[in-house]
Amino acid sequence: MVRINLALQGGGAHGAFSWGVLDVLLQVPEIEIASVTGTSAGALNGAALKSGMALGSRSAALENLDWLWSKMGALSGGGFSDWLAGFEADAISQALEYSPGYVMTDLASRFFSPYAYGPFYAHPLRSLVGSFHFDRICSLEGPDLFVCATNVRTGKAKIFTGSQVTVDAILASACLPTVFQAVEITDPKTGVTDAYWDGGYTGNPALWPLFRADLPEDIVIVNINPIERAETPKTPAQIQSRMNEVSFNSSLLAELRAIAFVKRMLKDGTLAQGQMKDVHVHMIADDSLMNDLSAATKMVPIPSILGRLKEAGQRAAIAFLDQNFDRLGRESSVDLPALYG
């Protein structure tokens, strides 16, 4: 049995890629998931997984993930998104970017605050997240769950875990400030109420909760924001999409640099073995597919794209296990200096 930690990136509807990855990992009896850290869609996936695993049931976790993404697909509303189903991913992305509905919505987000709705404002995901079994999500059974959000007042990351993982904590982790009103959460210890935005600004996903001594050394990052794009973005939509990716990858790359620095000091003896945790870093991704998609397909959960993302996640997870299963528990499969250099 190999114990691993999972780190699930946020990325809106592209989180369906992580659904596919989890679908494979949960069916490998030789792998035990000890903890999950997630942001935005990663927090949703992590909560669905935790809810099932708290029952000691991998099949329940799989059913929860299937239910979650079937509900996410239902949010698209059919019509135009159904018509797009027969096209390739890049064509769907372009069609969405230039569709009147998406253009108007994107333009409105730059001129109108989500607070302009006044008393008519309602978070579209609150009903869905409220359907989760929080008695299981907050229990001590199953993998530990860490949810990252960004404190608007301090600009710092906030990690919610255990009984702190509530409906509001998950909504805060997925709160894009140009689309949703900040989610206010009161700290039960201090009584201070703070507003929170998307955790992707400060931890996408946050890795440091996984450095706890009782957790395994292996961290498997499911990356859904491409780190590299071969072509320079030219159109307004492409530029906006790449800005989003760079911003939401920056915190992850900073943590990977820190991990590489610690590993180098442990190797050359500057740090004594055991003084700091020597983690093994792995990554499951499909940058080729993600390069065909954009911020538009993150925002609009088209069922056909969700299905393709799940299949891509399954393929990527199978390929990862074929190539790197024997390295789990022993060494990193990611060349960290090459990744961030």
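The structure is a predicted model, in which local features need pLDDT of at least 70 and side-chain atom pairs count only at pLDDT 80 or more, whereas totals for chains, interfaces and linings use all residues. Residues are numbered from 1 along each chain as its sequence is written, and side-chain values use heavy atoms, with hydrogens and water left out.

The secondary structure of the protein comprises 14 helices and eight strands, these being DSSP runs numbered from the N terminus (helices: H or I, at least four residues; strands: E, at least two). Of the 341 residues of the protein, 51% count as buried, where buried means under 20% relative accessible area, exposed over 50% and partly exposed in between, with a 1.4 Å probe and protein chains only. Among the contacts in the protein with a separation of 6 or more, 78% come from residues 24 or more positions apart, a contact being defined by heavy atoms within 4.5 Å.

Helix H1 (residues 16-25) and helix H13 (residues 303-324) have axes that come within 6 Å and cross at roughly 45°; the axes are lines fitted to C-alpha atoms, for helices over the stretch in contact, and angles run from 0 to 180 degrees between N-to-C directions. H1 and H13 are therefore oblique to each other, given that angles under 35 degrees count as roughly parallel, over 145 as roughly antiparallel, 65 to 115 as roughly perpendicular and the rest as oblique. On the side of H1, the contact is made by Ala16, Phe17, Trp19, Gly20, Val21, Asp23, Val24 and Leu25, while the residues contributed by H13 include Leu306, Leu309, Lys310, Gln314 and Leu321. The residues of this contact of H1 with H13 divide into 13 nonpolar, three polar and two charged, with Ala, Val, Leu, Ile, Met, Phe, Trp, Tyr, Cys and Pro counted as nonpolar, Asp, Glu, Lys and Arg as charged, and the others, Gly among them, as polar. Ten of the ten residues of H1 are buried, so this helix is largely enclosed by the rest of the structure.

The structure holds five aromatic pairs, for which rings of Phe, Tyr and Trp (its six-membered ring) must have centres within 6.5 Å, planes under 30 degrees apart counting as stacked, over 60 as edge-to-face and the rest as tilted. The rings of Trp19 and Trp69 have their centres 6.1 Å apart and their planes at 10°, so the pair is stacked. Because Trp19 lies in helix H1 and Trp69 in helix H3 (residues 58-74), the pair ties together parts that are 50 residues apart in sequence. Trp19 is buried at a relative accessible area of 11%, and Trp69 is likewise buried at 2%. Elsewhere, ring pairs link Trp67, Phe132 and Phe134 into a cluster.

Helix H3 also holds Asn64, which counts as buried at 19% relative accessibility and, residues up to four places away in sequence aside, touches Ala48, Ser51 and Gly52. Thr39, found in the loop between strand S2 (31-38) and helix H2 (41-53), is buried at 0% relative accessibility; with residues up to four places away in sequence not counted, Thr39 touches residues including Leu8, Gln9, Cys148, Ser173, Asp198 and Asn204. By contrast, Lys267 of helix H10 (residues 236-268) is exposed, with a relative accessible area of 77%. The C-alpha atoms of Lys267 and Asp278, which are eleven residues apart along the chain, are separated by 9.7 Å.
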